[in-house]
Amino acid sequence: MKAGDTVVIASTNPGKIAEVRQIMAGLPIVLLTSDDVGGWPEIEETGDTYLANALLKARAVAAVTGRAALADDSGIEVDALDGAPGVRSARFSGERASDEDNNAKLIESLDGVPSERRGARYRCVAVLVTPDGEEIAGIGSCEGRIGNEARGTGGFGYDPWFIPERGSRTMAELTAEEKHAISHRGKALRGLADKLRALRGERSSG
Ligand code: IMP
């Protein structure tokens with residue numbers, strides 16, 4: 001990949017797409033979305049891990065579009081729920097569940113669980129797959145806990161309920177910049193971008 005190359009964001013989640021754009025804004029690449037490339041058939045997330053699902057999505061979109069594809073698979077793991085919903089976070093309360101449905105199920109599941117047992121973390125694996133089969137990954141996590149009330153309007157998904165460690169505001173009360181600086185997605189995408197730069201640097205000098 002070179003400066004100016006195009007990369008398709010292999011997601012249809014508007015919250016995620018907005019964040020990927022913001023986090024990758026400094027890179028010399030053009031980001032496209034499903035609408036720009038005529039869409040793709042639904043991709044079933046059948047993997048058991050974030051990496052497996054991210055690879056499924058990126059490989060499928062690279063194959064359909066003939067372009068490099070960037071996928072993020074992410075989720076929230078709650079200690080009191082033995083790590084659930086994890087890779088099933090988007091479908092916690094059923095297929096095609098809304099964020100509201102998922103949050104309602106999360107809060108119901110934690111009914112009566114005291115603050116000290118509401119530990120949780122977001123995790124993200126981001127992968128870039130090129131049409132010639134190159135695959136680069138980055139990972140990130142963000143520790144915190146599930147609060148007792150929803151607060152804030154930023155972010156998406158579970159953010160109004162998730163309080164990152166070392167603070168009292170929910171993820172949805174942070175600015176986008178503050179969220180990306182500490183978030184699982186920010187860390188995963190910056191790690192991926194660093195690897196990409198290192199690989200390209202090595203190749204051009206070698
Ligand atoms: P998937 O990666 O498409 O399987 O979906 C990840 C799901 O995890 C999202 O639909 C959200 O429910 C949740 N999630 C992932 N990242 C975030 C985040 O940054 N904030 C809130 N919820 C998130």
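A disulfide is here a pair of cysteine sulfur atoms within 2.5 Å, and a search of the whole structure on that basis finds zero of them. What you have open is a predicted model, in which local features need pLDDT of at least 70 and side-chain atom pairs count only at pLDDT 80 or more, while totals for chains, interfaces and linings use all residues. Residues are numbered from 1 along each chain as its sequence is written, and side-chain values use heavy atoms, with hydrogens and water left out.

**First stop: the cysteines**

Select Cys124 and Cys142 and show their sulfur atoms. The cysteine sulfur closest to that of Cys124 belongs to Cys142, and because the two are 11 Å apart, they are too far from one another for a bond. Cys142, likewise, is in no disulfide. Cys124 is buried, with a relative accessible area of 2%, where buried means under 20%, exposed over 50% and partly exposed in between, using a 1.4 Å probe and protein chains only. Cys142 is also buried, at 4%.

**Second stop: the whole chain**

Now zoom out and colour by secondary structure. The protein has five helices and six strands, taken as DSSP runs numbered from the N terminus, with helices being H or I of at least four residues and strands being E of at least two. Followed from the N terminus, the elements run β-α-β-α-β-α-β-β-β-α-α.

The C-alpha trace spans about 55 × 35 × 25 Å along its principal axes. The radius of gyration of the protein is 17 Å, which agrees with the value near 17 Å that a compact globule of 206 residues would have; the radius is taken over C-alpha atoms, and the globule rule is 2.2 Å times the number of residues to the power 0.38. Of the 206 residues, 49% are buried.

Which helix holds His180? Select residues 176-182, which form helix α4, and His180 will be found within that stretch. Is His180 buried or exposed? His180 is buried, with a relative accessible area of 8%.

Once neighbours within four places in sequence are left aside, His180 is in contact with Glu19, Gln22, Ile23, Gly186 and Arg190.

**Last stop: contacts across the sequence**

Among contacts between residues at least 6 apart in sequence, 59% join residues at least 24 apart.

Technical notes: Contact = heavy atoms within 4.5 Å.
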